[in-house]
Amino acid sequence: MPRYATYPSLIDRTVLITGGATGIGATLVSEFAAQGSRVGFIDIDAASGEALAAALAGSSRHAPVFVRADVTDIDALQAAIAEVRGRCGPIEALMNNAANDQRHAMEATTSASWDQGIAVNLKHQFFAAQAVAPDMRAAGGGAIVNFGSISWMLKQGGMPVYTASKAAVQGLTRSLARDLGRYNIRVTTLVPGWVMTDKQVRLWVDDAAKAEISRLQCIDQRLMPADIARMAMFLAADDGAMCTAHDFQVDAGIV
């Protein structure tokens, strides 16, 4: 018997995932495809995106559709969303996952790097939501999940543009939830803790970081991308029908 839930309402539902080629996003693509959803995903990393789509094509009810685009280029993002719609059908769930938590010092931050950080971590979330909202209104409802971060809650330094962006995501969620709620469109923030993606483990999770994770988390186990995906699927499914305007933290009790 499967250990985790399956969601009948996700079968054949079109789900759009930004930043879906690697990390948490790749797990979102895999898990939604396993639920029988029509998955379209966007990423700037063409090689990883194409490889993931090919790997899942034979085992999924619907082969995932990958479209390469830079989400910071709003025209390209909108065109990619239109392509996903044309190939998968009207979009009923959006996972605003794309982000880049590149470390940067206050002293080294410029006006241009600030704008770039906002673009990759915040701006595209609004414009992706704007692009899919008409589909959701026509369908009688939908779910938008904006991905946040615990970093700013922990007063984490060393990346001020990223933490500012991720704090702003929660304000965006509340605003959109009010505006779109009349159409039965739910908007939530999914807030991951320190997730052990390949990138995190390769760049930042050394022995000192492992000790700090064990000290801070209530549950002394490593948080994995699949833990985040399971909450995302609940929020996208009809099971999350009355969840909106709130934050859902999956962080093993670190905050």
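Predicted model: local features only at pLDDT ≥ 70, side-chain atom pairs only at ≥ 80, totals over all residues.
Residues are numbered from 1 along each chain as its sequence is written, and side-chain values use heavy atoms, leaving out hydrogens and water. Local features need pLDDT of at least 70 and side-chain atom pairs 80 or more, while totals for chains, interfaces and linings use all residues.

**View 1. Lining of the largest pocket.** Here 48 residues line the largest pocket, and Ala99, Asn100, Asp101, Lys199 and Gln200 lie nearest its centre. (A pocket is an open set of points on a 1 Å grid where a 1.4 Å probe fits, with protein on both sides within 12 Å along at least five of seven lines; lining residues have an atom within 4 Å of a point.) The lining divides into 23 nonpolar, 15 polar and ten charged residues, with Gly counted as polar, Tyr and Cys as nonpolar, and Asp, Glu, Lys and Arg as charged.

**View 2. Phe41 with Phe66.** Their rings form a tilted pair, 5.1 Å centre to centre with 45° between the planes (pairs have centres within 6.5 Å; under 30 degrees is stacked, over 60 edge-to-face, the rest tilted). Both Phe41 and Phe66 are buried (under 20% relative accessible area with a 1.4 Å probe, protein chains only; exposed is over 50%, partly exposed in between).

**View 3. Phe126 with Phe127.** With centres 5.0 Å apart and planes at 85°, this pair is edge-to-face. Phe126 is partly exposed at 31% relative accessibility, as is Phe127 at 22%.

Technical notes
Phe/Tyr/Trp six-rings, centres within 6.5 Å; stacked < 30°, edge-to-face > 60°.
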